[in-house]
Amino acid sequence: MLLGALEAGGTKMVCSTGDETGRIYARQSFPTTTPAETMPRILDFFRGAQIEALGIGSFGPLDLKESSPAFGSITSTPKEAWRFFALLPSLRAGLCVPMRLDTDVNAAALGEYTLGAAAGLSSCLYVTVGTGVGGGLVAENQLVHGLVHPEFGHFYLKPHPDDPAPRGFCPYHEGCVEGLVSGPSIEKRWGAKARLLPENHPAWALEAHYLAQMCMAAILVLSPEKIILGGGVMRQKHLFPPVRENVRDMLGGYVRHPAILEDTDTFIVPPGLGENSGVTGALLLAARAARENTPC
Ligand code: ADP
Ligand code: ZN
């Protein structure tokens, strides 16, 4: 079955076609400008491809409550043109196929859970550390939404005494995860592009320390069977060993499981699907929509 995947990002919209095995056939991306400009391009792509169902992983926050009048909308985003934009309804108005929408990180978590690093397990947490920080959770086969959906990037971390910018850079919260560890936060703190900072720069020890605090909270609160760290900042693969080591130290032997005490190399890991976690997850959302045959 030919499926469509839309990765709706704050910078670009990536449209793909593929199938339920995660194979990708075609891909095209458009800059995220205004809905009036961007939506017709997305609809043209998917209409031309003659897909049978569409899965969408989107930036948020999103209204994912089916009973809500604003179901399927992007809500309080700082991207003004997209604030309270009815994303799912406008896709449905232009394309009559079954559709399913979720957060970009839930889509990525679903991709990793089904076909990536967490295949065969019954839970995983996917965290992106990029322009922002967000986490998607699959628990006992369910994508977790709860009241709204998790906002994993915005809980408080304990500031490090050597941090030159311990308040972080989130406009909403002082000292939250995103404000301390996102790519732009690193760049503001040190005044240089993150990808250009050498491995021995103090930025990375501090980053590993904060990411370990974040993983520790995830382990204690959610108890996922695997933590997958993706996004642009995690292209710095040298971060993984110190993150794992800090997690072991911080937990102080309290959580007694081999995944934490011995096998952290396979517990806190990069995405098994590389850069394709999100698109794969969106294809799987499309497959779910097709099975449910949600009316358009
Ligand atoms: P997005 O979060 O916008 O979907 P990414 O996950 O690629 O996109 O994150 C982009 C951010 O990640 C950039 O703004 C930059 O700060 C950071 N980044 C990108 N590549 C690297 C790299 N190789 N090393 C460190 N940081 C990077
Ligand atoms: Zn915040």
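The legends below describe close-up views of a predicted model. Local features need pLDDT of at least 70 and side-chain atom pairs count only at pLDDT 80 or more, while totals for chains, interfaces and linings use all residues; side-chain values use heavy atoms, with hydrogens and water left out. Residues are numbered from 1 along each chain as its sequence is written, and chains are lettered from A and ligands numbered from 1 in the order in which they are written.

**View 1. Strand β9 and its parallel partners, β6 and β10.**
Helices (H or I, at least four residues) and strands (E, at least two) are DSSP runs, numbered from the N terminus. Two strands pair if DSSP finds at least two bridges between them. Strand β9 spans residues 227-230 and is covered on both faces. Ile227 and Leu229 on one side, and Ile228 and Gly230 on the other, are all buried. Buried means under 20% relative accessible area, exposed over 50%, and partly exposed in between (1.4 Å probe, protein chains only). Strand β6 (residues 123-129) runs parallel to β9, with 4 bridges, and threonine 128 stands opposite glycine 230. Strand β10 (residues 268-269) is also parallel to β9, joined to it by 2 bridges; isoleucine 268 in β10 is the bridge partner of isoleucine 227.

**View 2. The site of the zinc ion (ligand 2) is tetrahedral.**
The protein donors are His154 (ND1), Cys170 (SG), His173 (ND1) and Cys176 (SG), at 2.1 to 2.4 Å from the zinc ion. Donors are N, O and S atoms within 2.8 Å of the metal (3.2 Å for Na, K and Ca); water is not among the atoms, so sites may look incomplete. Angles among the 4 donor atoms are 101 to 122°. Four donors count as tetrahedral if all angles lie between 85 and 135 degrees. For comparison, the ideal angle for four tetrahedral donors is 109.5 degrees. The donor residues follow the spacing H-x15-C-x2-H-x2-C in sequence. Histidine 154 and histidine 173, 19 residues apart, are both in the loop between β8 (142-143) and α4 (177-181). Histidine 154 counts as partly exposed because its relative accessibility is 23%, and histidine 173 is partly exposed at 25%.

A polar contact is a pair of N or O atoms within 3.5 Å. An N or O atom in the side chain of threonine 131 is 2.5 Å from an oxygen atom of ligand 1. A polar backbone atom of glycine 232 lies 2.8 Å from an oxygen atom of the ligand, and a polar side-chain atom of glutamine 236 is 2.8 Å from a nitrogen atom of ligand 1. On its own, ligand 1 has 570 Å² of accessible area, of which the protein covers 67% (Shrake-Rupley method, 1.4 Å probe).

Glycine 60 and proline 61 are joined by a cis peptide bond, with omega about 0°. Serine 223 counts as exposed because its relative accessibility is 55%.

Terms used:
Tetrahedral: all angles 85-135°; square planar, octahedral: opposite > 155°, others 65-115°. Polar contact = N/O pair within 3.5 Å; in protein donor to acceptor, adjacent residues only side chain to side chain.
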